[in-house]
Amino acid sequence: MIPPLAPAAAREVRPVGPLVIAIGEVTKLYRMGSETIHALRGVSISIHRNEYLAIMGPSGSGKSTLMNMLGCLDTPTDGHYQFNGRDVAGMADDELAEIRNREIGFVFQTFNLLPRSDALRNVELPLIYAGVPPAERRERARMALESVGLGNRIHHRPNELSGGQRQRVAIARALVNRPSIILADEPTGNLDSRTGVEIMALFEQLYELGNTLIVVTHEEDVARHARRVVRLRDGLIESDGPSD
Amino acid sequence: MKRVLYEITESVRIALAQIRGSKMRSALTALGVIIGIIAVTLMGTAIRGINVQFNNSLAVLGDDILYVQKWPWHNVDDWWNYANRRPFYPEDAEALNRIIASTPNSQLDVAVPVAGRSSTVRSGDNLVSGVATFGTTADYGRLMTADFQTGRLFSETEANSGRPVCVLGSDVAEALFPGGTALDQTVTLRGQPLRVIGVMARQGSFLGIFSFDNQILIPLNTYRRQFNVRGGSLEIRVKLRDKLHLADAEEELTGAMRRVRRQVPGERDNFSINQQDAFKEQLGPLKEGMAFAGLFITGLALFVGAIGIMNITFVSVKERTREIGTRKALGARRRTILFQFLVEAVAICVVGGTIGLSLTFVACTAAQHAMPNLPIQVSWTLVASALVASVVTGIVSGFLPALGASRLDPVVALRYE
């Protein structure tokens, strides 16, 4: 039911939309005891609507820090960050929570589903925080689950689902609030390769439907699916260009 | 606004799911609160019971009666000033009544002389010793707080002529005529046969010290003849017209008594005017002290329960750090997380409080069935305050861990193993 991935040359590169993320000369310092760690040393990226971007780099390259920054989980030490024209760099915790809730859909390596809640409840969660009324919430969550092919599993709990199905629930949860970007952190890291391919095919579909995808990974196979690859090394951008 | 409502609903749902999910742990934690609430509510019920009994006892003394006596109802250091006071005579009461009658708008209603001692009463082979024996006049009927079970008080004629009649307290009647009727029977007091013309209804005891049901009333003249009393050793009870004007009445009575006793101006009163308020004033602080100490000690049990809740909430926050990170990533604000854990702590406390309260209720009902005389009452105030105490316990003990949870950095929380 999932179409096989087309060869890279045949893949459609969709025209990009307006600017979503504008990061300029961002730095991030951490203090580890007496040592100061420069996780990011001046990174600039612009991401437009309906881009499919992979962020790569070895561990310690600042990849995770950049992802946290893009996901508004963290704020830069210096530099500027605008999300849909709003200045994120100086925002307080609760304002950031609001941005994450409305603009960003997270997909984690470990799925991060609530174990005691069924698939529907898990997908509903961002809508609860957004203040969507119960009936509408349930309907939208159900539709999101159907769109990832889990329409018949909505009342299963995470432990009653396979790894691939769990990640689909997580993707449905990321989609449900119609965010500006979907931010996936090693989305296939905890899956076998066949299931991983299925998830990447699902991402391809989402991209074709007009979603903006940012995938953080260290696997070339995963990055190859993206249309643009940003490589980090030692807190700096090493390369930024179309995928091969 | 609606959003807050959804967050609250969600918090309650999560809290209940969490409690269901770890039943054993929640049950053990709730047990601390259950014990605490039982301890506090039982103590509250007991204090209330003591209060009720205390007030009932005082009510028997009469809140509209002043007792004119040699001794005041409080401790005195200069006892020698009181010991040599002139005793009271029946004529004093008569003089007092004359003054009351001639005073326009008097606050006083009637003065009744009452003499009392302990004696032994017999009927056939039955014998009751240590019976409070009172000699008084027919006016006593005007200040009696008790009703008659059967019969009546002696009349003025009977009293004045010192007829051999008596009125029994219910315990005395029961002891002398077990299973039978005391009315119109004859009892013997110091060899003098007395006809029973009335039996008083049960009144209970005063602070458990003195039983009002263990008494016998006879005409004062009979009493004086019987016990060979020439002079005093009696007290004068004065009934007020309106208990709201107690201070005025007391002042009027003091003046009247000074006239009766022919005291010169400047001389110290050679009598004391007592009132049930004196007991209240004297025993009030003692009662309050006991109540405070009792509630404080039982409150410690609730405090231990609260520590249990705090501990479990800390553990819960630690265990679910990743979940907190996830929720924050999905848009939960600080307030949302804080509320979620607070609701969880409060939910355990309210469940524990409700169970504790039910157990207290069962215990009180059982105690009441076993001992109907105990003035045990579970009041709505108690129920409400116990539930409020549970909620407050939950909020207080859950606040610190919940605050910690709400302040977690999402990046750190998501990475937590």
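**Reading strands, helices and a chain contact**

Me: How many bridges join strand β3 of chain A to strand β9 of chain A, and which way do the two run?

Reply: Strands β3 (residues 52–56) and β9 (residues 228–233) of chain A run parallel and are joined by 4 bridges. Two strands pair if DSSP finds at least two bridges between them. Strands (E, at least two residues) and helices (H or I, at least four) are DSSP runs, numbered from the N terminus. For a single spot to look at, find A:Ala54, which stands opposite A:Val229 in β9(A).

Me: Before I go on, what should I know about the model and its labels?

Reply: It's a predicted model, where local features need pLDDT of at least 70 and side-chain atom pairs count only at pLDDT 80 or more, while totals for chains, interfaces and linings use all residues. Residues are numbered from 1 along each chain as its sequence is written, and chains are lettered from A and ligands numbered from 1 in the order in which they are written.

Me: OK, back to strands. Which sheet of chain A holds β3 and β9, and in what order do the strands come?

Reply: Think of side chains first: in a regular strand they alternate between the two faces of the sheet. Here, 6 strands of chain A make an open sheet with mixed pairing, and the order is β6-β7-β8-β3-β9-β10. At the edges sit β6 (104–107) and β10 (236–242) of chain A, each pairing on one side only. On average, neighbours in this sheet are turned by 15° against each other, direction ignored.

Me: What links β9(A) to β10(A)?

Reply: These two pair in the antiparallel sense over 6 bridges. In β10(A), A:Ile237 stands opposite A:Leu232. The hairpin of β9(A) and β10(A) has 2 residues between the strands, and A:Asp234 takes a positive phi near 50° there.

Me: Which strands form the antiparallel sheet of chain A?

Reply: That open sheet has 4 strands in the order β2-β1-β4-β5. Its edge strands are β2 (35–48) and β5 (86–87) of chain A, and each pairs on one side only. Strand β4 (residues 78–83) of chain A meets β5(A) in the antiparallel sense over 2 bridges. Within β5(A), look for A:Asp87, the bridge partner of A:Gln82.

Me: Now helices. How do α3 and α5 of chain A cross?

Reply: Two packed helices are described by the angle between their axes and the distance between the axes. Axes are lines fitted to C-alpha atoms (for helices, over the stretch in contact), with angles from 0 to 180 degrees between N-to-C directions. For α3(A) and α5(A) (residues 163–175), the axes come within 7 Å and cross at roughly 30°. So α3(A) and α5(A) are roughly parallel to each other; the labels are roughly parallel under 35 degrees, roughly antiparallel over 145, roughly perpendicular from 65 to 115, and oblique for the rest. The crossing of α3(A) and α5(A) is right-handed, meaning that the near helix is turned clockwise from the far one by less than a right angle, with anticlockwise being left-handed.

Me: Which residues of α3(A) and α5(A) meet?

Reply: Contact means that C-beta atoms, placed from the backbone, lie within 7 Å. From α3(A) come A:Ala119, A:Asn122, A:Val123, A:Leu125 and A:Pro126, and they meet A:Val169, A:Ala172 and A:Arg173 in α5(A). By class, this contact has 6 nonpolar, 1 polar and 1 charged residues. Nonpolar covers Ala, Val, Leu, Ile, Met, Phe, Trp, Tyr, Cys and Pro, charged covers Asp, Glu, Lys and Arg, and the others, Gly among them, are polar.

Me: How do α4 and α9 of chain B cross?

Reply: Helices α4 (residues 90–102) and α9 (residues 246–260) of chain B have axes that come within 10 Å and cross at roughly 125°. That makes α4(B) oblique to α9(B). Their crossing is right-handed. The residues of α4(B) that meet α9(B) include B:Leu96 and B:Ile99. By class, this contact has 7 nonpolar, no polar and 2 charged residues.

Me: And how many residues does each chain give to the contact between A and B?

Reply: Chain A gives 19 residues and chain B gives 20 residues. On the side of chain A, α2 (93–103) and α3 (119–130) are the elements that give two or more residues. The most comes from α2(A), with 6 residues. Sorted by class, chain A's side has 9 nonpolar, 4 polar and 6 charged residues.

Terms used:
Contact = placed C-beta atoms within 7 Å.
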